[in-house]
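Here is my note on the strands and charged pairs of this model. Please read it alongside the structure.

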Amino acid sequence: MRRILGYVLAVAVAVLAPATPAFAHAGDTTEVSSYRVTVTGLSNPMDGLRVRVVEGGARLELSNDTGRAIEILGYSGEPYLEVRPDGTYQNTGSPATYLNETRDGGTALPPAADPTAAPTWRKISSDTTVRWHDQRTQWTEPALPAGILPDQPHRLREWVVPLRDQVRTFDIQGTLDYEPPPAAWAWWAGAALIGLAVTLIARRWSGSVRALALVAGLPTLGYAVARVLDGGGWSGVPIVAGLLACAAAYRHPPFYLALSGFILAAFAGFGSADVFFAAVVPAAGPGWAARAAVAIAIGAGAGLALTGVLRLRAAVPAPTTV
């Protein structure tokens, strides 16, 4: 068992330090949202220039492999970011440099922020991919517009973010939509049913624990990969929790079964349960897939933990009577 745990920890460490693109601010954490940001294209496509939405709509990501310098313009049309062949530069005089430090744009502007001044460039990365918050793509009001029902999807607006290639200006084009939250109760009910089913199956067929451990752990690992594909970093907690659950398919003494199931349910499951309450999640693929992975982590993890506890109790010898 110690060898298995060693392999688990080695794999976990190996995936926790990937290369990341440049960030144009001190990043705040990604979270679920009711607003879906979509890039529909470029008004003038260029070979080697790619733009996508990442982190559940929190940021835009631009990759520039054109061999040319591409500017991202700020809110007054001033130079904000410039992605050159040798890396990414930021104009410290652009108000967008400070407003984009957080998703809600609440940072106070310093006196040096002047969109009419000549740009002062500061290199922030040697990478030709950059990510940034952009208020033009976000819904920053505290409530929906009047007349929009919270249980109905709605197109809020179409947006553009201007770019410049030398003297030629063109746009990133996209849409912003409101999407109502899913039925959270249904996902909680599904998690409870999964937990009950895992417990009953494990008690009825003791050899089924191997398959149940994989069913419990693999979706969590898939969800961790989906978050990375959406632009997020590797998250160590769900990866370790998923690996520990999968390891129970090889060796599953009762204490290890209880411990790995508890870790999976508590940290990978309940720790990610916010996906039940909003339509847009920071993961690639459909939202239902992320919610299903979390429901399985909660239910199957709890089922494995309960199975381990019941087996521990069964292993305790009955008290002898004199």
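1. A salt bridge here is a side-chain nitrogen of Lys or Arg within 4 Å of a carboxyl oxygen of Asp or Glu. The model is predicted: local features need pLDDT of at least 70, side-chain atom pairs count only at pLDDT 80 or more, and totals for chains, interfaces and linings use all residues. Residues are numbered from 1 along each chain as its sequence is written, and side-chain values use heavy atoms, with hydrogens and water left out.

2. The structure holds 12 salt bridges. One of them joins Arg50 to Asp65, at 3.0 Å from N to O. Arg50 sits in strand β3 (residues 49-54) and Asp65 in the loop between β4 (59-64) and β5 (70-73), 15 residues apart. Strands are DSSP runs of E, at least two residues, numbered from the N terminus.

3. Accessibility next. Buried means under 20% relative accessible area, exposed over 50%, partly exposed in between (1.4 Å probe, protein chains only). Arg50 is partly exposed at 45%, and Asp65 is partly exposed at 47%.

4. Arg68 bridges to Asp165, with the closest N and O atoms 3.1 Å apart. The two lie 97 residues apart, Asp165 being in strand β10 (residues 154-165). Arg68 is partly exposed at 34%, whereas Asp165 is buried at 5%.

5. Please look at Arg59 and Glu55: their side chains meet at 1.8 Å, N to O. Both are buried.

6. Strand β7 (residues 87-91) has 5 of its 5 residues buried. Strand β6 (residues 79-84) pairs with β7 in the antiparallel sense over 4 bridges; pairing requires at least two DSSP bridges between the strands. Val83 stands opposite Thr88.
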